Amino acid sequence: MSPRRSWALGLSLALTLVAGLLSPTLAAAQAPPPFAGADVPAYQHIFVIMMENHSYDEIIGNSDAPEINALAQTYGLATDYYAVTHPSEPNYLASVAGTYFGIQDDAPPTAPGHTHDAPSIVDQLEARGLTWKTYQQALPYAGFTGASSPPGNALYAVKHNPFAFFARVQGDPAELQRMVPDTQLAADLAGGDVPNFAYIAPDQCHDMHGLASCGDDTTLIRQGDAYVAATVARIMAAPVWRRGNTAIVVTWDENDFSTTGVTGCCDANPGGGHVATIVIANHGPRGVRDATPYNHYALLQTVEDAFRLGCLAATCDRAAVRPLAPLFAVGRADRGD
């Protein structure tokens, strides 16, 4: 090596050493911060099916729900999952906004204080260029803004459609068109027009909630079981199930005060009771029971992490709210990140 080249190399090394001594955290400061939800792999599609008003013990082990129990046995089951509060509507709001805004009733968006000018998962998804849609059984047409349908027999109830409560959606015709009848799901799956986040709400005869016209509780559970089975089978038969990472979550809004009706966890005090939550992931765990305390805030946090969205309200409190990471883990080298 020539003397000049040797001198230049030595000077370069010396300058590097001095820079390191003067600013030992320079490299760390320039590196991007680690993603807070790194325990959850990236997902391309997540479907949430929201059922109604039954406790964990009323569903898990119930012979009137054989299909749901088969899914719980085959895939992932959260055994210590809770609703956030009572009654239904605030739990739906919590599942998409990380807060229920202090609402403790089932009043429509037109009631005072029931339209919220606050961010929801809609804002998060669209900021990332991702898509959403809610499939509402018995919704008469896309963008319907009424409180219920049909008249006199409210199979569709707006209290089960949280997106209708946000000013962002109410004031934008394009957003309203993402609230569609559940019959649109089959066409979207077949045509490949599948949103990244799909929120599915059966009507009140198929979500286990019940109306006078729906039959007794045994009938409700059987009808809900059949709806879940058919919906899951339809998604799993579609091309979306064979591409990337896709998950289906089946959960219940609250337990309707049955058994221990006000238990809770994870920034929800006192909570809305113990409910079942099943995670069916195309590349996810099989036969797993997860006893970590979770609730609807934890589920929303998991969706946010899977889509790399950031956080909203209670989902930002990672000391108390934890994602359903063990149930969303993928069992292959290619995690879709």
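**View 1. Phe166 and its aromatic partner Phe101 in the predicted model.** Phe166 has a relative accessibility of 2% and therefore counts as buried. Phe101, at 28% relative accessibility, is classed as partly exposed. The ring centres of Phe101 and Phe166 lie 6.0 Å apart with their planes at 65°, so the pair is edge-to-face. Phe101 belongs to the loop between α5 (88-97) and α6 (121-127), and Phe166 to the loop between β5 (156-157) and α7 (167-170); the pair therefore ties together parts that are 65 residues apart in sequence.

**View 2. The aromatic pair of Phe144 and Tyr156.** With ring centres 5.9 Å apart and planes at 75°, Phe144 and Tyr156 form an edge-to-face pair. Phe144 is located in the loop between β3 (132-136) and β4 (148-149), whereas Tyr156 is in strand β5, so the contact joins parts 12 residues apart in sequence. Phe144 is buried at 13% relative accessibility, and Tyr156 is buried at 2%.

**View 3. An aromatic cluster.** Tyr92, Trp132, Phe163, Phe197 and Tyr199 together form one cluster of aromatic residues. The count of aromatic pairs comes to eight.

**View 4. Helix α11, residues 296-307.** The 12 residues of α11 span 17 Å from the first C-alpha to the last, close to the expected 16 Å. Of these 12 residues, 12 are buried, so the helix is largely enclosed by the rest of the structure; among them are His296, Gln301, Glu304, Asp305 and Phe307.

**View 5. The two ends of α11.** At the start of the helix, a side-chain oxygen of Asn295 comes to within 3.0 Å of the backbone nitrogen of Tyr297. Just after α11, Arg308 adopts a positive phi of about 60°.

Methods
Residues are numbered from 1 along each chain as its sequence is written. This is a predicted model: local features need pLDDT of at least 70, side-chain atom pairs count only at pLDDT 80 or more; totals for chains, interfaces and linings use all residues. Side-chain values use heavy atoms; hydrogens and water are left out. Helices (H or I, at least four residues) and strands (E, at least two) are DSSP runs, numbered from the N terminus. The expected span of a helix is 1.5 Å times one less than its number of residues. Buried means under 20% relative accessible area, exposed over 50%, partly exposed in between (1.4 Å probe, protein chains only). A polar contact is a pair of N or O atoms within 3.5 Å; within protein, one must be able to donate a hydrogen and the other to accept it, and residues adjacent in sequence count only if both atoms are side-chain atoms. Rings of Phe, Tyr and Trp (its six-membered ring) pair if their centres lie within 6.5 Å; planes under 30 degrees apart count as stacked, over 60 as edge-to-face and the rest as tilted.
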